[in-house]
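Work through the following exercises with the sequence and the structure side by side. Try each task before reading its solution.

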Amino acid sequence: MGTAAAEEAPADDTATSADQTTEINDRQGWEDDTDQPVHERAPRRCDGPSTWYSITSKKAYHIPSWWNGTKFKDGPGGTMSVSVTKGGTISLEVGGSIEFSSNAIVAKAKAQVSTKITGSVTVTTGHTYTREISRNKYGHLQYGSWGYKVNWKKYKASGNGCNGIEIGRGTATLPTSETGWKYRETSS
């Protein structure tokens, strides 16, 4: 067992406890291989704010927890039984070509992608999982949030019309309130 300290829970109220959600495990094939377009009509402002965001694509993505006690390897073959031994927080990661508001990007992603998206999710100890490992293979289990990777754009109003012009873009990795184990096998 590692000795890394658990990350502090965020001070805001956007954190969701994994204990409050349904356990979701073994989502084989859940992650997308490519970005999936998010359909929204052309960005328009009219009587709205002078700047706004749009989510342009999404990809289902398992966001791993990186602290000790949430990643395991066993084998070859046999049965693998694991449990979360350290708690912590999985938080969003946002980057872009311009100054941005993480809260606005989360809000837009909640509206366009999934209402389960959150700024962070708190993981507590105790979530156990058992899995049979194929003969002569090594099993790998990683705990995390079943979240999304998204691409976003920021627009500003253009003149007196309703149309906007793009002023920046970026990416974000956004956790959801759903947490669980991701399993894979390797030859070594």
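**Exercise 1.** Find where Asn136 is placed, and decide whether Asn136 is buried or exposed.

*Solution.* Asn136 sits in the loop between β9 (128–133) and β10 (138–157), where strands are DSSP runs of E with at least two residues, numbered from the N terminus. The next step is accessibility: Asn136 counts as exposed because its relative accessibility is 55%, given that exposed means over 50%, buried under 20% and partly exposed in between, with a 1.4 Å probe and protein chains only. Finally, the phi of Asn136 is near 65 degrees, a positive value in a residue other than glycine.

This is a predicted model, in which local features need pLDDT of at least 70, side-chain atom pairs count only at pLDDT 80 or more, and totals for chains, interfaces and linings use all residues. Residues are numbered from 1 along each chain as its sequence is written, and side-chain values use heavy atoms, with hydrogens and water left out.

**Exercise 2.** Locate Pro76 and describe the peptide bond that joins Gly75 and Pro76.

*Solution.* Begin with the place: Pro76 lies in the loop between β4 (71–74) and β5 (78–83). Then turn to the bond between Gly75 and Pro76, which is cis, with an omega of about 5 degrees. Most residues other than glycine have a negative phi, and most peptide bonds are trans.

Terms used:
Helix = DSSP H or I, 4+ residues; strand = E, 2+ residues; numbered from the N terminus.
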